[in-house]
Amino acid sequence: MKKILIAGTAVLLLSGCAQETPGKPEPSPVTDDLYSRYSEAVNSRLSSDSYTAAVSSKYSYLFSDNTTGIYQMDGVLETEKEVMHMTQHLNANGMASEIEGWYDGSRLYNTYNGITYYEDMSAKDVRDSMLLPLDPFAFPAEYIQGLADSTAENGDVTYSVTIAEDHLADVFRDRYDFNDMEKLDQVNVSSGIITDTFSAEGYFLSETSRFEISFEYSGQEVKTVYEGSVRCLNYGSTSAVISDAMKSEFAQYVNYKDIDTSSIVVEPAADDTPEATVEATFRKRLVGRLGYTEESDGVYTQKYNENEAYMIDFNNHTFRYSNYTIDYIYNWKGNVGSMGKCTVDFASGTNSSECTDETMEMIDKVRSFMRMELYYCGLSLEDLQAEE
């Protein structure tokens, strides 16, 4: 619900942790051929009515007296046809908000810091409530100062777009600024880079965006870095189901107009604040966000249901999915999955001769399970692997 989810300007200005600004890459000329391939990738991408999007956004502030502030959000949106399930974690200056919602095609049932309510809205409104654009956009050629592309070994193609100076403010305001920074004084957008990646098959995989901005607040200049990230996965295999029990529970929710907003308590985010490393943050949030139990030093478990369980072993860099007596194991350090005598090397795209198509498909799903646990913790598999 955008009326409640988007923090006001006053909250943003009180928030924590600016980062140093890296050097700007030299933009490449925008050739007709390159622009044609870029716009074709965006506009002709494959689609599905079942997919998962993991998002994160962060505003980092540096005030003229060298004090800093941060406002950040991470969340996951799972979509299956008209049904959506969304979670969000917001952190502003160490104060946290937790949001979970279910959308049945016309109504969003939300829990916001323990307060339950519903609001009638469109599917677009739900997607907008994630505070980032979930789909790529092919910017007109005149909006682009530089355009570069690269192709990975697996065929994924990445396009990096440097926005032209004359269009920076418009692009940031119209597409990325869900927190209405344009309402502040003397706003100036000085740089913007958007990077989109598509799979070899043509699906949209990810977008990262970064803008450098400044504005005036109480007579002082505030330098700001905005960073956004969207990752899409599980096309055609995402499940979002509202059970009868959930429907009965949702029937007790009140309309958002009837909420006593004074009853919404924003708690300190001390237990959810990022640690010095991705692994340490993951360990903390496995317990705090996902309800895992630390069975022994570095080993965390969660029983999914009577027959299924997850185990994450940081000592051996493995994620184990157990289903009855069958164990599927994914080693994120080696980027290798296995079940019995079947081994799949995701880095090289090879597998052992004992593998069947069905087993390899399940091993790939288990790697996706691991990826989703990271997304629910506001992290990514790539960042965890890069740290090893």
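On a 1 Å grid laid over the protein atoms alone, a pocket is an open set of points with protein on both sides within 12 Å along at least five of seven lines, whereas a cavity is a set of points where a 1.4 Å probe fits but cannot get out; lining residues have an atom within 4 Å of a point. Grid points are joined across faces, edges and corners, and a volume is the space filled by probe spheres set on the points. The structure examined here is a predicted model, in which local features need pLDDT of at least 70 and side-chain atom pairs count only at pLDDT 80 or more, while totals for chains, interfaces and linings use all residues. Residues are numbered from 1 along each chain as its sequence is written, and side-chain values use heavy atoms, with hydrogens and water left out.

The second largest pocket has a volume of about 770 Å³. Its lining comprises 31 residues, of which Ser 56, Lys 58, Gln 72, Gly 378 and Asp 383 are the closest to its centre. With helices (H or I, at least four residues) and strands (E, at least two) taken as DSSP runs numbered from the N terminus, at least two lining residues each are supplied by strands E1 (50-63), E2, E9 (185-198), E10 (204-217) and E11 (220-233) and by helix H7 (278-288). Strand E1 gives the most to this lining, with five residues. By class, the lining of the second largest pocket has nine nonpolar, 14 polar and eight charged residues, where Ala, Val, Leu, Ile, Met, Phe, Trp, Tyr, Cys and Pro count as nonpolar, Asp, Glu, Lys and Arg as charged, and the others, Gly among them, as polar.

The structure also holds one cavity of 30 Å³ or more, and about 50 Å³ of space lies in the largest cavity. Gln 72, Asp 74, His 89, Leu 90, Asn 91, Ala 96, Glu 98, Asp 272, Arg 285 and Arg 289 form the lining of the largest cavity. Two or more of these residues come from each of strand E2 (68-80), strand E3 (83-92) and strand E4 (95-103), and E3 gives the most, with three residues. The lining of the largest cavity has two nonpolar, three polar and five charged residues.

E1 and E2 pair in the antiparallel sense over 13 bridges, with Tyr 59 opposite Tyr 71 in E2. Four residues lie between these strands in their hairpin, where Asn 66 takes a positive phi near 70°. Ten bridges connect E2 and E3, again in the antiparallel sense, and Asp 74 stands opposite His 89 in E3. The hairpin of E2 and E3 has two residues between the strands, and Lys 81 takes a positive phi near 55° there. Eleven of the 13 residues of E2 are buried (under 20% relative accessible area, with exposed meaning over 50% and partly exposed in between, for a 1.4 Å probe and protein chains only), so E2 is largely enclosed by the rest of the structure. In strand E4, Ile 99 counts as buried because its relative accessibility is 4%. The C-alpha atoms of Ile 99 and Gln 88, eleven residues apart along the chain, are separated by 5.0 Å.

E14 and E15 form a hairpin with two residues between them, in whose turn Gly 298 has a positive phi of about 85°. Strand E15 is mostly covered, four of its five residues being buried. Five bridges join E15 to E16, in which Ile 312 is the bridge partner of Tyr 300, and a hairpin joins E15 to E16 through four residues.

Conventions: Two strands pair if DSSP finds at least two bridges between them.
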